Amino acid sequence: NYNTSNSGLPHNSVRSIAIDEFGNKWIGTLTGGLAKFDGSTWTVYNTTNSGIPDDFIKAICFDTTGYLWVGTPSGLGKYDWSTWTTWNIINSTMPSSHVTAIAIGADNIKRIGTLNGGLLYYNDTTFTNYSYWLGTFPENTISAIDIDNAGKPWISMPSSGIIVHLGGPAWN
């Protein structure tokens, strides 16, 4: 049992976890930022010591090149092991900065769930939005995203159940 009193965990309220290709555990916390645990050493990334967008880490994912992506209430963050890059409503076409979920498939497309902004697909160049406002989703808040073995994303919403993207414009 790891907590703030017996480890380098920066906050006891853990909101997300991901494990990288080297077995490092990445832990997102409520207000303590992001912690990396390699089995013996804890490294903490927060807004005072890095370019991470927020200390509330709601989602963690790795892309096909191994880069780290985080979802926060202040935007989407990418760490390429030297620099943090942030996307939000100010510097991109994202309709909401509040990122709640991320999933990245073998195609390296980032599926980004938001609070009140729907779902975004990001191909490292362009954001594509699926939302209630555009008539493609039953609501605009995304709870979780996962991708099945066929590469199809499954999206959960707090009030409308689950939908799956079958390709093209079809969502079921």
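A: Let's start at a turn: in the hairpin of S13 and S14, five residues sit between the strands, and Gly 151 takes a positive phi near 85°. Strands here are DSSP runs of E with at least two residues, while helices are runs of H or I with at least four, and both are numbered from the N terminus. This is a predicted model, where local features need pLDDT of at least 70, side-chain atom pairs count only at pLDDT 80 or more, and totals for chains, interfaces and linings use all residues. Residues are numbered from 1 along each chain as its sequence is written, and side-chain values use heavy atoms, with hydrogens and water left out.

Q: How many bridges join S13 to S14, and which way do they run?
A: Four bridges join S13 to S14 (residues 153–157), and the two run antiparallel. Two strands count as paired if DSSP finds at least two bridges between them. Across this pair, Ile 147 faces Pro 153 of S14, and Ile 145 is opposite Ile 155.

Q: What holds strands together like that, in general?
A: Strands of a sheet pair through backbone hydrogen bonds, either parallel or antiparallel.

Q: What's the strand order in that open sheet?
A: The order is S13-S14-S15-S16, four strands with antiparallel pairing. At the edges are S13 (144–147) and S16 (170–171), each pairing on one side only.

Q: Zooming out, how many helices and strands does the protein chain have?
A: Zero helices and 16 strands.

Q: What's the radius of gyration, and what would a compact globule have?
A: The protein chain has 16 Å, and a compact globule with 172 residues would have a value near 16 Å, which agrees. The radius is taken over C-alpha atoms, and the globule rule is 2.2 Å times the number of residues to the power 0.38. Along the principal axes, the C-alpha atoms fill a box of roughly 50 × 35 × 30 Å.

Q: What percentage of the residues is buried?
A: It's 49% of the 172 residues. Buried means under 20% relative accessible area, exposed means over 50%, and partly exposed is in between (1.4 Å probe, protein chains only).

Q: Where are the charges, and how many of each?
A: There are 8 positive and 12 negative side chains, and the centres of the two sets lie 2 Å apart. Lys and Arg count as positive, Asp and Glu as negative, and His and the chain ends are not counted. Each charge is placed at NZ of Lys, CZ of Arg, CG of Asp or CD of Glu.

Q: Back to strands. Is S2 enclosed or open?
A: S2 (residues 25–29) is largely enclosed by the rest of the structure, because four of its five residues are buried.

Q: Which strand do those five bridges join to S2?
A: That's S1 (residues 14–19), which runs antiparallel to S2. In this pair, Ser 16 is opposite Gly 28. Their hairpin has five residues between the strands, with Gly 23 at a positive phi near 90°.

Q: And what about S2 with S3?
A: Four bridges join S2 to S3 (residues 34–37), again antiparallel. Lys 25 has Phe 37 of S3 as its bridge partner. Four residues lie between these strands in the hairpin, where Gly 33 has a positive phi near 90°.

Q: What does Asn 24 touch?
A: Asn 24 touches Ala 18, Ile 19, Lys 36, Phe 37 and Asp 38, leaving out residues up to four places away in sequence. Contact means heavy atoms within 4.5 Å. Asn 24 is in the loop between S1 and S2, and counts as buried because its relative accessible area is 11%.

Q: What's phi in Trp 81, then?
A: Near 75°, a positive value in a residue other than glycine. Trp 81 is in the loop between S7 (75–79) and S8 (84–87), and is partly exposed at 38% relative accessibility. Asn 116 also has a positive phi, near 70°. Asn 116 is in the loop between S10 and S11 (119–122), and is partly exposed at 48%.

Q: Last one: is Asn 108 buried or exposed?
A: Buried, at 14% relative accessibility. Asn 108 is in the loop between S9 (99–104) and S10 (110–114). Beyond residues up to four places away in sequence, Asn 108 touches Asp 63, Thr 64, Tyr 122 and Asp 124.
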